[in-house]
Amino acid sequence: MPVNTEKQGATFSLPQPYEVSREAIAEFALATGAKADYHFDAEAATALGYRDVVAPTTFAVIIAQKSEAAYISDPDSGIDFSKVVHGSEQFSFTRPIVAGDVLTALTHVDGVRAAGSNAMITTRTEITDVAEQPVVTVTSTIVVRGDGE
């Protein structure tokens with residue numbers, strides 16, 4: 001297996017808090033085809049009870065991947081990023097992400113297992129706000145292709 005299995009159980013954190021802006025939400029919404037007005041218009045969002053524009057649900061992947069990068073780029077992980085293939089992503093929300101949020105993230109390496117010559121890695125990234133309240137948990141699986149793959 002091409003990765004260090006001893007990293008299972010390790011945790012990695014987002015290097016610095018992520019400040020969610022209206023612009024970032026709008027750009028992500030446009031890029032992903034999310035067309036709801038509450039992604040772009042603060043008045044539409046506040047009319048629905050939010051304090052500002054609301055990010056599309058998959059916006060959380062931006063923050064999760066920044067935190068996961070600390071693990072993937074760790075030389076002790078044994079991961080060759082050129083051999084990484086995305087497997088799956090799941091989101092479990094406590095509340096939506098909105099503009100003005102300042103978020104932190106902690107990535108847990110929950111599983112590292114062999115699948116033939118490949119490695120299957122499952123991470124769980126807990127994203128919280130400045131009050132340390134949960135916002136969303138992102139569970140990801142990546143495949144690291146082994147030699148000859």
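Helices (H or I, at least four residues) and strands (E, at least two) are DSSP runs, numbered from the N terminus. The model described here is predicted, so local features need pLDDT of at least 70 and side-chain atom pairs count only at pLDDT 80 or more, while totals for chains, interfaces and linings use all residues. Residues are numbered from 1 along each chain as its sequence is written, and side-chain values use heavy atoms, with hydrogens and water left out.

A record gives a starting point. UniProt, in an unreviewed entry, places the feature "domain: FAS1-like dehydratase" at residues 11–137. UniProt positions are given here in the numbering used for the model, feature names are shortened, and annotations may be inferred rather than shown by experiment. The span 11–137 is 24% helix and 35% strand, and its end C-alpha atoms lie 14 Å apart.

Next come the empty spaces. Rolling a probe the size of a water molecule over the atoms shows where empty space is left. On a 1 Å grid over the protein atoms alone, a pocket is an open set of points with protein on both sides within 12 Å along at least five of seven lines, and a cavity is a set where a 1.4 Å probe fits but cannot get out; lining residues have an atom within 4 Å of a point. Grid points are joined across faces, edges and corners, and a volume is the space filled by probe spheres set on the points.

The largest pocket has a volume of about 190 Å³. Its lining includes Gln65, Glu68, Ala69, Phe81, His86 and Ser140. Two or more lining residues come from each of α3, β3 (84–93) and β6, and α3 gives the largest share, four residues. The lining divides into five nonpolar, four polar and two charged residues. Here Ala, Val, Leu, Ile, Met, Phe, Trp, Tyr, Cys and Pro count as nonpolar, Asp, Glu, Lys and Arg as charged, and the others, Gly among them, as polar.

The structure also holds one cavity of 30 Å³ or more. The volume of the largest cavity is about 40 Å³, and its lining consists of Glu68, Ile72, Ile121, Thr123, Ser140 and Ile142.

Asp101 lies in the loop between β3 and β4 (102–115). Asp101 counts as buried because its relative accessible area is 3% (buried means under 20%, exposed over 50%, partly exposed in between, with a 1.4 Å probe and protein chains only). A polar atom of the Asp101 side chain lies 3.0 Å from the backbone nitrogen of Val98. Beyond its neighbours within four places in sequence, Asp101 is in contact (heavy atoms within 4.5 Å) with residues including Tyr18, Glu19 and Arg51.

Glu19 itself lies in strand β2 (residues 18–19). Its relative accessibility is 62%, so Glu19 counts as exposed. Glu19 and Ala99 are 80 residues apart in sequence, but their C-alpha atoms are 8.1 Å apart in space.

Asp52 is found in the loop between α2 (42–47) and α3. With a relative accessible area of 12%, Asp52 is buried. Its side chain makes a polar contact with the side chain of Arg22 at 2.8 Å. A polar contact is a pair of N or O atoms within 3.5 Å; within protein, one must be able to donate a hydrogen and the other to accept it, and residues adjacent in sequence count only if both atoms are side-chain atoms.
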